[in-house]
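Good morning, and thank you for coming.

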Amino acid sequence: MSNSKISPVTGHYVSVDVDGLEYKVFYLENGTGQPILCQHTAGCHNHQWRGLLEDEEITANYRVIAYDLPRHGKSDPPENTEWWKEEYQLSAEHYSNFIIALADALELENPIFMGSSFGGNVALQLALRRPDRFAGVLSVEGADYSPGFYLDWWQHPHANAAQVCASGTWDLMAPQSPEADRWKTWFYYTQGSEAFKGDLHFYSVDHDLRGRLGEIDGEKCPVVMMTGEYDYLTTPEDSERTANAITNGSFIYMPAIGHFPMSENHAVFRTYLIQALELLQAKREKPAAALA
Amino acid sequence: MSAPTRAPSAEEWAAAFTDASNTDPEIQAHGKYFTCSYLLDATERTYVIQVESGKVTHVTVDPGPLDVPYQFAIRASAETWRGFGEETPAAMFHGIWAASFQRDMKLEGDVLVLMQNLRCITRQVELLRVVGSPV
C-alpha cells in the first residue's frame with residue numbers, strides 16, 4: 001500500500017500585462033478566505049513559502065497565494081521584449097506596479113500582502129503607493145533603506161555564481177533553524193543567481209523611503225513589520241525604527257531566527273505570523289485614529 | 001551551560017581544526033577543487049591555513065612577517081572569534097558575512113579566491129563551533 005499523498009497545494013499560470021510588458025506568472029495556492037499574497041526573497045522562488053502553503057490552521061482561514069516574480073522559479077522573463085539585451089535592474093515602480101497588476105489579474109478582494117527581505121521592502125512601497133488596494137501589509141525583514149548588497153560578486157564570471165549566491169546568503173539564517181530547511185533555502189539560492197543582483201538593485205539602491213515613512217497611510221493600510229534576531233542585513237533595530245515612523249505601524253521581534261524565516265523555520269515563524277495577522281485584523285477593526 | 005571546548009594551545013587548535021576539516025563529510029563531498037591559502041587573524045594569534053583539493057595540508061601558527069604567503073585574510077578581534085567558537089553563536093558571530101557587516105571582521109586580500117571557495121570556507125569557519133575558538 002502506497003504512503004503517497006497528494007498535497008492540497010495547486011499551481012497555476014496567469015498572464016499579467018504591466019508597464020507594457022507581458023508576463024506569464026506562476027503561483028501556488030491553498031486555502032480559503034481572505035487572500036494573503038506572498039512574495040519570496042530576492043533571487044529565490046515561491047518554495048520558500050512551502051510550510052505556510054500547507055499550514056492547515058492558517059489555510060483554514062486564509063487563501064495563501066505564493067507567486068514567482070518574473071525571472072524567478074517558473075515565471076519567465078517578459079514574453080514581448082529582447083530582455084537578454086538589457087541588464088536587469090528592478091525598480092520600485094515596476095515591482096509595485098507588477099504586484100498590483102497581479103492582484104488585479106487574480107481579482108483579489110481585500111488582500112493582505114506579505115513579503116520578506118526585498119518583499120518586505122516592497123510591502124512598504126505598496127502601503128505608500130496604493131493603500132486602497134490592500135487590507136494591510138506584513139513587512140518581513142524589511143526597512144526604509146537597506147544598502148550594501150548590490151554587489152558584483154553575485155555574477156562574477158570567475159567565481160561559481162550559484163555557490164556565491166547560496167553561501168553568501170547562508171549566514172542570513174539562524175544556527176537554531178533546522179539544518180534541512182536551511183539547506184533547502186541554500187538550494188533555492190543556487191537557482192537564481194542571474195536575477196539576484198538585479199533584484200538587489202531594488203533592495204539596496206532604488207528602495208529608499210528615508211524621510212518618507214510619514215506619508216504612508218497606515219490607517220487605511222496597516223503595516224506590521226517582523227524581523228529575526230540573526231538578520232545581519234536588515235537588523236531588528238532597522239525594522240523597529242522603520243515601524244515606529246509609520247502611523248499605526250507595529251513591530252514584532254523574532255528571536256532565534258534569521259532573514260528567511262518562512263523558509264528556514266516555518267514552525268517558529270508561524271507563531272509570529274499568527275500574532276501579526278491578529279494584530280493586523282485588530283488594527284482594521286479599531287484604527288488608531290478611532291481610539292484617539 | 002557548559003563552556004565550549006577550547007584547545008589549550010595554538011598548536012593543538014591547529015591540529016584539531018585540521019582533523020575536523022579533513023574528516024568533515026560536507027567538505028570531503030564537495031571540496032574536490034577547494035584549494036587556497038588564507039590568514040586567520042585573531043589579533044592575539046594568527047594562522048595561515050593551506051588547503052589542497054579539500055584537505056588542510058598545513059597550518060602555520062603565528063607566522064613571521066614574510067614567512068608564509070596567503071591569498072586572502074579573515075581578520076577580527078579575539079573577542080569576535082571567541083563568539084564564533086560557541087556551540088550556538090550569538091547573532092552576528094554566526095558567520096563571516098554577518099560579522100563583516102555588523103561586527104569588526106574584515107575580509108582582505110584577493111577576495112575573489114574567497115568567493116571561489118565560499119561554500120567550503122563557510123563550512124570550515126562553522127567547524128569552530130565544534131573545534132572551539134582559535135584564540
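A salt bridge is a side-chain nitrogen of Lys or Arg within 4 Å of a carboxyl oxygen of Asp or Glu. Over all chains, the structure holds 20 salt bridges. In one of them, the side chains of Glu29(A) and Arg63(A) meet at 2.8 Å, N to O. Glu29(A) lies in strand β2 (residues 21-30) of chain A and Arg63(A) in strand β4 (residues 62-67) of chain A, so this pair ties together parts that are 34 residues apart in sequence. Helices (H or I, at least four residues) and strands (E, at least two) are DSSP runs, numbered from the N terminus.

A word on the source. This is a predicted model, in which local features need pLDDT of at least 70 and side-chain atom pairs count only at pLDDT 80 or more, while totals for chains, interfaces and linings use all residues. Residues are numbered from 1 along each chain as its sequence is written, chains are lettered from A in the order in which they are written, and side-chain values use heavy atoms, with hydrogens and water left out.

I turn to the interface. Contact, meaning heavy atoms within 4.5 Å, takes 22 residues from chain B and 25 residues from chain A. How many salt bridges does the rule find across the interface of chain B and chain A? It finds zero. On the side of chain B that touches chain A, the elements that give two or more residues are α4 (96-102), α5 (111-116) and α6 (118-126) of chain B. Of these, α4(B) gives the most, with five residues.

Finally, the spaces. On a 1 Å grid over the protein atoms alone, a cavity is a set of points where a 1.4 Å probe fits but cannot get out, and a pocket is an open set with protein on both sides within 12 Å along at least five of seven lines; lining residues have an atom within 4 Å of a point. A volume is the space filled by probe spheres set on the points, which are joined across faces, edges and corners. The structure holds three cavities of 30 Å³ or more, and the largest cavity has a volume of about 50 Å³. Residues lining the largest cavity include Thr41(A), Phe149(A) and His259(A). The largest pocket has a volume of about 420 Å³. Of its 23 lining residues, the closest to its centre are Arg71(A), Trp83(A), Tyr88(A), Glu194(A) and Ala195(A).
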